[in-house]
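Biologist: Can you walk me through this one? I have some questions ready.

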Amino acid sequence: MNFRKFWKIEYTLTLFAIFAIFILMLPTTIQNARQASLISKWNEKYNRVAYMFSVLNTHANEDIIKSLKNAKTEEERSKLLILLMQPYLRISSNNRPKHYHPKYLNNTRIGKNQTYYFDDFYYAENNTIIGIKDLNSEKADEADFMLMFDINGKIPPNRWGKDIFGINIFNDGHIEPFGKEFDLTDLRIDCSEKGLGINCSYYYIIGGGFDE
């Protein structure tokens, strides 16, 4: 009888311990699953955007391309770029995101004078938020524009490397994800919780893992 009672107590304690471990691991499991989903969506988005620009380079209206290159103001150039992308990404120029403040992966704020500060945001398909920044570069080997994509829109965390990723658009029309110029070690460091998360855009394209 005593042995049976002891066995029941031990069995109950074991189940309780297993349940407690499961409860402790549950938030991490959910977070990992959510991050994996966002990474998958980013890869899909990047492939679509890469295809879009390959089509634009081949079939885009020459007058629009010419106007884009000759535009004198950043606002004019941004509007023309939106005009090119609108049929593919369904960008809305009427309904603009308000009170939207993205952060770096390490949760620090992005200053207005910093490279990755965007102040020109638009809603696109599936409530994605797209940011456009005109770099106004005249050098062939430098990017003309930067695009950022918040994959799930205004839904948190609104952080680079979590749900925000970006690409550079070059003068010849080709695109590259942020971070393409860095090696794997630098990518992994930037894509850690202590990093800015900017270069996760390329890190995840080449198969990097968010849990490394």
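This is a predicted model: local features need pLDDT of at least 70, side-chain atom pairs count only at pLDDT 80 or more; totals for chains, interfaces and linings use all residues.

Biologist: OK, strand 4 then. Why is it described as largely enclosed by the rest of the structure?

Modeller: Because 7 of the 7 residues in strand 4, residues 164-170, are buried. Buried means under 20% relative accessible area, exposed is over 50%, and partly exposed is in between, with a 1.4 Å probe and protein chains only. Helices (H or I, at least four residues) and strands (E, at least two) are DSSP runs, numbered from the N terminus.

Biologist: Which residues point which way from it?

Modeller: Ile-164, Gly-166, Asn-168 and Phe-170 go one way, while Phe-165, Ile-167 and Ile-169 go the other, and all are buried. In a regular strand, side chains alternate between the two faces of the sheet.

Biologist: And which strands does strand 4 pair with?

Modeller: Strand 3 (residues 143-150) pairs with strand 4 in the antiparallel sense over 7 bridges, with Met-148 opposite Gly-166. Strand 5 (residues 175-177) also pairs with strand 4 in the antiparallel sense, over 3 bridges, and there Pro-177 is the bridge partner of Ile-167. Two strands pair if DSSP finds at least two bridges between them.

Biologist: What sits between strands 4 and 5?

Modeller: They form a hairpin with 4 residues between them, and Gly-173 in the turn has a positive phi of about 95°.

Biologist: Back to Ile-167. What does it touch?

Modeller: Leaving aside neighbours within four places in sequence, Ile-167 is in contact with residues including Trp-42, Tyr-46, Val-49, Phe-53, Leu-147, Phe-149 and Ile-175. Contact means heavy atoms within 4.5 Å.

Biologist: Which residues have the most contacts inside the largest nonpolar core?

Modeller: Ile-167 is one of them, along with Phe-53, Met-85, Ile-132, Leu-147 and Phe-149, and that core has 33 residues. The elements giving two or more residues to this core are helix 1 (2-59), helix 3, strand 2 (129-134), strand 3, strand 4 and helix 5 (200-203). Helix 1 provides the largest share, 8 residues. Another core, of 13 residues, lies apart from it, and includes Tyr-100, Tyr-104, Ile-110 and Ile-164. A nonpolar core here is a set of buried Ala, Val, Leu, Ile, Met, Phe, Trp, Tyr and Cys residues joined through side-chain atoms within 4.5 Å.

Biologist: Changing topic: how many aromatic pairs are there?

Modeller: The count comes to 10. Take Tyr-116 and Trp-160: their ring centres are 6.1 Å apart and their planes are at 65°, so the pair is edge-to-face. The rule is that rings of Phe, Tyr and Trp (its six-membered ring) pair if their centres lie within 6.5 Å; planes under 30 degrees apart count as stacked, over 60 as edge-to-face and the rest as tilted.

Biologist: Where do those two sit in the chain?

Modeller: Tyr-116 is in the loop between helix 3 (74-89) and strand 1 (121-123), and Trp-160 is in the loop between strand 3 and strand 4, so the pair links distant parts of the chain, 44 residues apart. Tyr-116 is partly exposed at 23% relative accessible area, whereas Trp-160 is buried at 0%.

Biologist: Which residues form the aromatic cluster?

Modeller: Trp-42, Tyr-46, Phe-149, Phe-165, Tyr-203 and Tyr-204 form one cluster.

Biologist: How many disulfides?

Modeller: The structure holds 1, joining Cys-191 to Cys-200 with S to S at 2.0 Å. A disulfide is a pair of cysteine sulfur atoms within 2.5 Å. The link is right-handed, with 125° about the S-S bond, and both cysteines are buried.

Biologist: Last one: which bond is cis, and which residue has a positive phi although not a glycine?

Modeller: A cis peptide bond joins Pro-156 and Pro-157, with omega about 20°. Asn-158 has a positive phi of about 55°, lies in the loop between strand 3 and strand 4, and is buried at 12% relative accessible area. Asn-107 also has a positive phi, about 75°, although it is not a glycine, and Asn-107 is partly exposed at 43%.

Technical notes:
Residues are numbered from 1 along each chain as its sequence is written. Side-chain values use heavy atoms; hydrogens and water are left out.
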